[in-house]
Amino acid sequence: MKARKAKNKKMIWAGQTGLLLVILGICELLVRTETISSLYLPAPSQVFRELFKLFGDGEIWRHLYVTLAEFAVGYGLAAFGGLAVGMALVLIPWAEQFFRPYLSALMAIPKVTIVPLLALWLGIGITHKISIVFLFCFFTITVNTMTGIKQTADNHLKVAKVFEATRYQTIMKVILPSAAPTIFAGLRLSAATGLVGALFGEMLASKDGLGNILVKATSLYNTAQAFAIVALVTVVSVLIIALIDWLERSVFLKWKSS
Amino acid sequence: MAGFTVENVSKVYDGDLPTVSLQHINLEVRDGEFLCILGPSGCGKSTLLELLAGLQLPTEGEIRLDGAKVQGPSRSSGVVFQDASLYPWRTISQNVGLGLELGGMRKAERQALVDKYLSMVGLQGFGSKYPHHLSGGMRQRAGIARALVSSPNILLMDEPFGAVDHLTRLQLQNDLLRIWQEERKTVVFVTHDVSEAVFLADRVVLLSPRPGRIHHIFDVSQERPRKREDARLLKIQNDIYSAIYDVKTEADLEFTI
Ligand SMILES: Nc1ncnc2c1ncn2[C@@H]1O[C@H](COP(=O)(O)OP(=O)(O)OP(=O)(O)O)[C@@H](O)[C@H]1O
Ligand SMILES: [Mg+2]
């Protein structure tokens with residue numbers, strides 16, 4: 001029974017790989033026979049060649065580094081800031097009631113619309129991108145933190161009270177752990193949008209970064225290189241989410257996975 | 001020495017429509033006794049228990065624990081909640097050790113006590129599991145161990161076996177009596193199961209429906225170990241049932257008038 005399941009799984013996997021190869025092969029054929037101009041669709045082989053070239057001449061590392069740095073700093077700040085602000089708003093009496101309208105108003109602004117303004121204030125360097133990433137992530141993390149904290153079960157708090165837990169102990173040992181799944185959902189959600197923020201900022205106005213070279217490649221009609229960069233960005237995005245999932249499962253939410 | 005004096009206590013919950021949950025309760029909980037509080041849903045049993053635990057304060061009247069006014073939770077009472085209320089993010093050991101940890105005891109010292117109480121409630125070997133790995137009855141046992149581990153003089157239990165199946169429930173009752181006799185604690189046990197109350201208690205306090213008042217206190221002086229089918233226990237059970245029936249008809253009358 002089990003062996004059969006494993007076999008089925010293998011078959012499916014082989015089928016999927018096969019289909020992918022067929023699709024790539026068709027693309028290759030279409031371009032080679034000039035049925036489709038390589039201006040619109042690069043041959044897969046050419047995309048791979050571009051990828052190797054990008055990594056070969058080393059230039060790509062700098063851009064990758066810039067994008068990742070922008071993301072990491074902006075996201076890190078948003079994570080700490082969102083956590084702190086979210087906690088403060090819920091745990092300090094009246095804070096939420098007082099700041100709620102401000103928070104709602106700020107959240108309602110479509111963040112992309114202020115990206116050009118930010119360039120005006122901060123220039124087009126790394127600070128600009130960091131602040132975009134921050135804006136793209138901060139509110140989701142704040143709101144999820146607040147939701148998570150408010151979901152703390154009444155009985156869980158009573159247990160802490162019965163044992164005469166201090167305020168600090170209650171926060172660290174009851175409120176935060178019980179809010180952790182919701183907080184992590186916010187962190188995962190905003191990781192993807194944060195990366196989009198960095199790339200978007202770079203595409204709009206920048207001197208380097210993956211978004212910058214992507215725009216350059218497209219405007220020079222180097223479609224193969226554009227495809228290569230898109231593939232690279234996708235991998236980066238998947239890796240970032242995987243990293244957060246790993247953190248969640250093996251560090252913070254061990255109890256959930258098992 | 002560990003007993004409560006409840007003197008003329010009333011509890012009103014504020015709100016648009018203030019709810020009188022308890023009215024003029026006078027009660028003595030004696031040292032070392034097993035007291036059951038029995039009553040229909042919504043009559044204020046949980047409220048009374050939380051008042052005893054210091055989780056809430058009475059609107060009127062006074063509760064004293066060994067002569068001192070109850071003004072907040074104290075380490076001399078351990079509380080067991082209806083749904084066990086274990087922390088899902090902690091292992092069973094960490095849950096059971098919670099009170100000691102919050103009290104600042106070091107880990108090595110905690111472990112010995114935690115293990116002792118885990119085996120007392122029959123959970124040896126389950127310390128490293130998480131609550132969702134355990135059955136409802138086992139979770140309840142863990143909840144009891146968590147209350148016992150800080151060695152409170154008093155155990156306050158709010159329908160602790162309400163959510164488990166009948167056979168498990170009988171087993172848990174036996175185990176609870178064994179632990180009570182080993183540890184010599186004062187127990188206040190809320191339930192709405194008449195046979196459970198009669199089997200466990202030295203005295204059964206019957207509350208009337210909203211607002212909760214003491215309707216009658218039944219003495220159950222049978223020697224332990226008791227037999228569930230003991231005719232004298234069944235007689236008390238019947239007395240309680242007819243008292244409940246009286247209460248019900250009175251309440252119905254109030255409604256119709
Ligand atoms: N926090 C609260 N705020 C307002 N009213 C409350 C609150 N807690 C309980 N009440 C009210 O007080 C009354 C008694 O509630 P309580 O929970 O003590 O009843 P109970 O006897 O434990 O019922 P059950 O058997 O269903 O657990 C109910 O009418 C309930 O609506
Ligand atoms: Mg109740």
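1. In chain B, B:Val12 has B:Val20 of strand 2 as its bridge partner. Strand 1 (residues 4-13) of chain B and strand 2 (residues 19-29) of chain B run antiparallel and are joined by 7 bridges. Strands (E, at least two residues) and helices (H or I, at least four residues) are DSSP runs, numbered from the N terminus, and two strands pair if DSSP finds at least two bridges between them.

2. This is a predicted model, in which local features need pLDDT of at least 70 and side-chain atom pairs count only at pLDDT 80 or more, whereas totals for chains, interfaces and linings use all residues. Residues are numbered from 1 along each chain as its sequence is written, chains are lettered from A and ligands numbered from 1 in the order in which they are written, and side-chain values use heavy atoms, with hydrogens and water left out.

3. The hairpin of strand 1 and strand 2 of chain B has 5 residues between the strands, and B:Gly15 takes a positive phi near 150° in this hairpin. Strand 1 of chain B is also joined to strand 4 (residues 60-65) of chain B by 5 bridges, and these two strands run antiparallel. The bridge partner of B:Thr5 in strand 4 is B:Arg64.

4. The shell around ligand 1 comprises 14 residues (a heavy atom within 4 Å), of which B:Ser41, B:Gly42, B:Lys45, B:Ser46 and B:Thr47 come nearest. Helix 1 of chain B gives the most to this shell, with 3 residues. Strand 2 and helix 1 (45-53) of chain B each supply at least two residues of the shell.

5. Polar atoms of chain B also lie by ligand 1. A polar side-chain atom of B:Lys45 is 2.7 Å from an oxygen atom of ligand 1, and a polar backbone atom of B:Gly44 is 3.0 Å from an oxygen atom of the ligand. A polar side-chain atom of B:Tyr13 lies 3.5 Å from a nitrogen atom of ligand 1. Of the 630 Å² of accessible area (Shrake-Rupley method, 1.4 Å probe) that ligand 1 has on its own, the protein covers 63%.

6. The largest nonpolar core has 90 residues, and A:Tyr75, A:Leu210, B:Phe4, B:Ile63, B:Leu156 and B:Val188 have the most contacts inside it. Such a core is a set of buried Ala, Val, Leu, Ile, Met, Phe, Trp, Tyr and Cys residues joined through side-chain atoms within 4.5 Å, buried meaning under 20% relative accessible area with a 1.4 Å probe and protein chains only. Helix 8 (residues 167-204) of chain A gives the most to this core, with 13 residues.

Technical notes: Buried means under 20% relative accessible area, exposed over 50%, partly exposed in between (1.4 Å probe, protein chains only). A polar contact is a pair of N or O atoms within 3.5 Å; within protein, one must be able to donate a hydrogen and the other to accept it, and residues adjacent in sequence count only if both atoms are side-chain atoms.
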